[in-house]
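Please read them with the coordinates open.

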Amino acid sequence: MSDGDWYGSDASQGRGRRRAAGQPPSDPHGQSPSDGQPGQEPSYERGYGRQQPQPSYDQYGQQPGYGDQRGYAQPQYGQGQQSRPAQYGQNGQYGQQPGYQQPGHQQPGYGQPAQPGYPQPQAPAAPSAPTAPVAAPAGVPDPRRGRRAAPRGGPKVVQSEVVDPYADDGWGDTGATSQGYADDRGYANHASGGWDDGSRDRYAPDDYDQGGGDGWNDEEGFFDEERPRRRGGKLRAWAPLFVLVGILSLFGGCVFAGYSYYKNKFGPAPDYTATNCPKDAKNKVTVDVKKGATGADIAKSLYAAGVIKSERAYLNAANQNQGSTGITAGSYDVCTQISGAQAVLELLKKGNLSDASQIIVEPHEWGKDVIAKLIKKRNWKQADFDAAISQNKIGLPPWSVDSRTKQFTIEGMLAPGTYELTSTDNPESVLKQMVSDRMDELKAMDFENKAKQLKCSSTVPCTPEQVLILASMAEAEVKTPDDAKMLSEAVLARLYDNEYLDVDSTSLFVLGHIQNPSHDDVANKGGDYSTYAPHHGFPPTPVAIPSKATIAAVLKPSDVKAYGWCSGDTGTYFVTKASLKKVPNFDPCKAKPIS
């Protein structure tokens with residue numbers, strides 16, 4: 001039996017099955033298995049009765065006119081015939097191949113008549129045991145695709161349609177014919193095997209490969225009847241659940257964040273319970289409180305040092321203790337792991353301030369003495385201070401210079417006050433803060449403009465530096481702002497007359513802190529800072545740190561005719577020029593004071 005016959009148990013389903021693996025195939029060299037078999041009727045072609053000689057294989061090794069395994073048209077190599085899918089027939093009819101020649105007429109729309117089929121020999125008797133299939137010639141593709149079912153007995157097909165009594169429509173409908181798949185040779189497939197003698201089994205085992213999921217059975221070459229599954233079906237089914245879980249997670253996260261914010265903002269603050277910090281405790285750490293630090297800044301420093309358990313613990317305690325506003329900048333030695341309330345108390349204890357954490361600048365001091373104290377407290381170097389001053393990295397005004405060397409000087413330019421030192425400070429930062437405070441004071445009193453209104457000679461007005469030197473002399477010589485006004489009047493009067501100033505304190509800037517210096521010391525050993533003959537005018541730099549009140553006082557000299565003064569144990573008194581001329585050596589302490 002040649003390829004493309006329909007028989008076996010698949011006939012009821014209308015599916016084009018080929019012979020089983022054990023069945024002998026058609027002879028690829030043109031010899032039909034039924035040739036030479038006695039008692040067999042001549043073959044009939046599938047083209048409804050027209051007999052045709054057996055064709056030879058084409059160049060692709062395919063027999064033209066054979067049907068596809070699944071009832072679909074097989075492309076005909078070298079025949080120019082188009083293949084089209086099979087159509088299902090109605091109940092009781094076999095499917096017709098559209099576009100191919102039907103019995104007695106030509107299908108319109110296609111320009112080629114139906115290809116005649118091959119002569120159909122009768123099938124030989126089923127062998128007792130499967131035999132190996134005959135292989136196709138070398139280099140020629142095997143025309144057999146899949147395995148054929150063993151033929152079963154049934155009526156022969158002679159130019160007519162035969163209804164197989166065992167067939168159904170393949171879809172479970174009672175009384176329906178086979179699916180009616182058409183092969184590609186222009187005639188309908190039949191349910192009956194048709195060409196055997198009935199000695200074979202009526203039904204062949206069903207070898208359909210149930211595997212795969214892509215609709216095409218790679219082994220048999222048939223289309224599966226199952227509808228192809230849509231990819232991602234399971235994912236789409238679970239998608240709503242994923243969305244719901246995501247929404248719930250987002251909602252839960254928002255609720256947790258809100259609760260955490262509420263708890264941290266309004267709930268009880270985490271806090272330690274320790275309320276004692278002995279002075280000799282060994283678990284103390286140094287905490288820096290910078291100048292101008294807020295409560296939040298202090299809380300961060302305490303928390304970072306491990307003193308408090310939470311910043312809010314300190315803030316709550318500070319808000320309840322009004323004394324917390326008195327906490328000054330500096331470095332404090334405080335115990336770790338104490339309550340917020342106890343931390344406030346520890347910062348209010350001045351005894352907890354480290355000795356190196358602050359420096360006090362007082363009026364009457366010299367700037368060089370302030371630097372000496374800073375070096376002692378923080379182990380800084382003199383060279384660092386000198387570099388900061390000479391390069392003016394500390395904000396000095398251009399007029400704050402030594403009249404001899406024309407170099408910048410800090411004398412008179414450091415504002416008195418208490419300065420807290422932290423671990424981040426250095427010589428430059430400390431001097432810069434002191435000079436900045438002084439400049440703020442001078443700007444507040446319009447110092448530079450008012451200084452120019454004073455005359456340091458009969459024709460030349462004073463410079464800001466000269467007035468600052470004048471204020472430093474007043475700071476060193478007198479005790480009160482009123483005395484500073486009279487001293488300012490006396491010095492300016494002497495300068496106007498080009499007289500020597502004869503001030504002892506200027507020489508002490510060079511001599512140092514000498515108790516009860518002699519007249520010879522202050523007159524002859526003060527160098528350029530001596531105001532005795534032959535030195536006219538002001539010393540090169542201020543000779544003390546004047547207070548803000550003293551600076552403001554010298555800007556407003558008195559009008560009492562003061563020309564000299566005498567400082568004693570009972571205070572300072574001033575004399576006029578006329579009374580001074582009446583005593584030997586112009587000694588003011590022997591002249592009559594101004595009443």
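**Disulfides and salt bridges**

1. C277 and C335 are joined by a disulfide, with their sulfur atoms 2.0 Å apart. The link is right-handed, with 85° about the S-S bond. C277 sits in the loop between α1 (233-266) and β1 (284-289), and C335 belongs to strand β2 (residues 330-335), so the bond ties together parts that are 58 residues apart in sequence. Both C277 and C335 are buried. Note that this is a predicted model.

2. A disulfide also links C456 and C462, where the sulfur atoms are 1.8 Å apart. This link of C456 and C462 is right-handed, at 110° about the S-S bond. C456 is buried at 11% relative accessibility, and C462 is buried at 4%.

3. C566 and C589 form a disulfide with an S to S distance of 1.9 Å. The torsion about the S-S bond of C566 and C589 is about 95°, so this disulfide is right-handed. Because C566 lies in strand β5 (residues 562-568) and C589 in the segment after α14 (577-580), the pair ties together parts 23 residues apart in sequence. The two ends can be judged by accessibility: C566 is buried, at 7%, whereas C589 is partly exposed, at 41%.

4. The disulfide count comes to three. With the bonded cysteines of the protein chain numbered in sequence order, the pairing reads 1-2, 3-4, 5-6.

5. Turning to charged pairs, the whole structure holds eight salt bridges. One of them is between the side chains of K373 and E365, at 3.2 Å from N to O. K373 is partly exposed, with 29% relative accessibility. E365 has a relative accessible area of 17% and counts as buried, because the cut-off for buried is under 20%.

6. R404 forms a salt bridge with D402 (3.1 Å, N to O). D402 is buried at 8% relative accessibility, while R404 is partly exposed at 42%.

7. What else does the side chain of R404 meet in a salt bridge? The partner is D528, at 3.1 Å from N to O. This pair links distant parts of the chain, 124 residues apart: D528 is in the loop between α12 (519-524) and α13 (548-554), and R404 is in the loop between α6 (382-390) and β4 (417-420). D528 is partly exposed, with a relative accessible area of 43%. Through shared partners, salt bridges join D402, R404 and D528 into one network.

Terms used. Residues are numbered from 1 along each chain as its sequence is written. This is a predicted model: local features need pLDDT of at least 70, side-chain atom pairs count only at pLDDT 80 or more; totals for chains, interfaces and linings use all residues. Side-chain values use heavy atoms; hydrogens and water are left out. A salt bridge is a side-chain nitrogen of Lys or Arg within 4 Å of a carboxyl oxygen of Asp or Glu. Buried means under 20% relative accessible area, exposed over 50%, partly exposed in between (1.4 Å probe, protein chains only). Helices (H or I, at least four residues) and strands (E, at least two) are DSSP runs, numbered from the N terminus. A disulfide is a pair of cysteine sulfur atoms within 2.5 Å.
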